[in-house]
Amino acid sequence: MATQKYLSDLFAEFPFACFGDFDANPLVNGIAIDSRKVQPGDLFIAMPGGSADGHKFIPMAIEKGAAAVVGEQDFTGLAVPYLRVEDARRAVTFLASAFYDYPGKKLTVIGVTGTDGKTTTSNLLYRILIAAGLKAGMISTVNAVIGDEELDTGFHVTTPDAPDVQLYLAKMVAAGLTHVVLETTSHGLAQYRADASLYDIAVVTNITHEHLNDHGSLENYRAAKARLFQLLADTPPKAGQSYRLAVLNRDDWSCGYLSDVVAAENGKNPPEKWIARAAYGIGGEADIRAENVRFLPSGLTYDALGRDFAVSINSPLVGDFNVSNSLAALTVAVVGLGIDPALAAQGIAQLSGIPGRMERIDYGQPFTAIVDFAHTPNALKNAIETVRKLTDKRVIVAFGSAGLRDKLKRRMMAEVSAELADITILTAEDPRTEPLDGILEEMAEGARSKGGVEGETFWRAPDRGEAIRFMLKIARPGDIVMACGKGHEQSMCFGTTEYLWDDRTAMRAALAEFTGQPGPPMPYLPTQAA
């Protein structure tokens, strides 16, 4: 793994124009995009941002020992070499890749994108690769798995910053790995964080209502996801590999659009460089399809049928959406990598669950308590419909909607719960600098629009801990109570402060209180004092 590179070496394969000269051509010890974290010898890349412009911090970076600076604005008279590029945010991923000796060239890189199901699909794929005897790693929005090493990738769910992605890939190469599953978010794609990763296979789970505050419309959001397939087209041939594959969800509305994107990319290249396509789906005309789907108390089972194979799939996971997620992973493995379907089925069976995804918390209470990450209207719908199949009693759901994010989603999620759940508790979920009362009122309007009656079928509980306690208080034997929206996340943002918060810890704390057993204390949120 590289520890130093000459500045000129970082631009040896740079795919965009740059202006300036390398002067003394200093040695670079690292890549920094935050002036506060610059170490002596770093290359500081100044990027414009929503709240702060990195160009303003160039003097600070130089004072802290930056060996050179890259930015978008014209600068003269700096004490270190300065290179101007057209798009600094797009440049950083290629410069980081060069610093780490282009790790994507030495790996088979599988990109997983979509609104819901990315993390589960990535984990299923990782288990399949391990079951097939491949030396595989994974970079998800939860963690990076590199051999026996597991690294936390942050408080909230997005693709890690470009230098971190390339560092993780380089660590995988150094550890002797050959394959990596890279969960890729729309933010990561829009901000070019993984552009130099050199994808070999790209898979989409689905595209539903989410992140419209960032992308403006569902069509723009879809286009951001489609960048993964455009990046797939840019991947040059790698040693020992001849394939590039786009894996699409035949059951999702995005399938036709994404298929057209792939066709357009193919139209730019000769046939020997075309991207192959494979579609998965439940029944119908998909290349890999699920038939005879059955949901059991122990999970799910179905027959997976391909053009030249049939295999029985058994999974401890629950829900229609996990049939789709496992089909996506199976298609990548069998069609893209040539893995034996029986080995792929073994890998799928080995994944018993994902932290914060339909995770049951049991303190011996007479009802079922679940924590799930469902934080979009579609995911909440799927979660409620899934648990409906697990009980003939009531379903009680608590969730919120984030501040400074997609406002349309607030009403939509409350509408979904008002229609499908028996009781809805509206609570906090990262309100940030927005007034929480206003967010809850928007959600309450959605609940009322679908016949919800406050105090009878839905309640507001601004403090999330109290919302969970209230669910337990009103639960009856056989009911299911479910806290949705945070899942595995480790913090909640009020104002500009991230407070340590884990829904699973909160559920355990509330259940311990409810059953009179030892348990963790309820995590603190500022709403507790309200």
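Phe-75 is partly exposed, because its relative accessible area is 28%, and the class covers values between buried, under 20%, and exposed, over 50%, with a 1.4 Å probe and protein chains only. Please note that this is a predicted model, in which local features need pLDDT of at least 70, side-chain atom pairs count only at pLDDT 80 or more, and totals for chains, interfaces and linings use all residues. Residues are numbered from 1 along each chain as its sequence is written, and side-chain values use heavy atoms, without hydrogens and water.

I turn to the ring pairs. A search of the whole structure gives 10 aromatic pairs; rings of Phe, Tyr and Trp (its six-membered ring) pair if their centres lie within 6.5 Å, and planes under 30 degrees apart count as stacked, over 60 as edge-to-face and the rest as tilted. Phe-11 and Phe-22 form a tilted pair, because their planes stand at 55°, with the centres 5.6 Å apart. These two residues are 11 residues apart and link distant parts of the chain. Phe-11 is buried at 9% relative accessible area, while Phe-22 is partly exposed at 24%. Phe-75 and Tyr-82 make an edge-to-face pair, since their planes are at 65° and their centres 5.3 Å apart. Tyr-82 is buried, with a relative accessible area of 10%.

Which residues do ring pairs link into a cluster? They are Phe-11, Phe-14, Phe-16, Phe-22 and Phe-94.

Finally, charges over rings. The charged end of Lys-389 sits over the ring of Phe-295, 4.2 Å from its centre, where the criterion is NZ of Lys or CZ of Arg within 6 Å of the ring centre and within 35 degrees of the ring normal. Lys-105 lies over the face of Tyr-102, 4.4 Å from the ring centre.

How values were computed: Helices (H or I, at least four residues) and strands (E, at least two) are DSSP runs, numbered from the N terminus.
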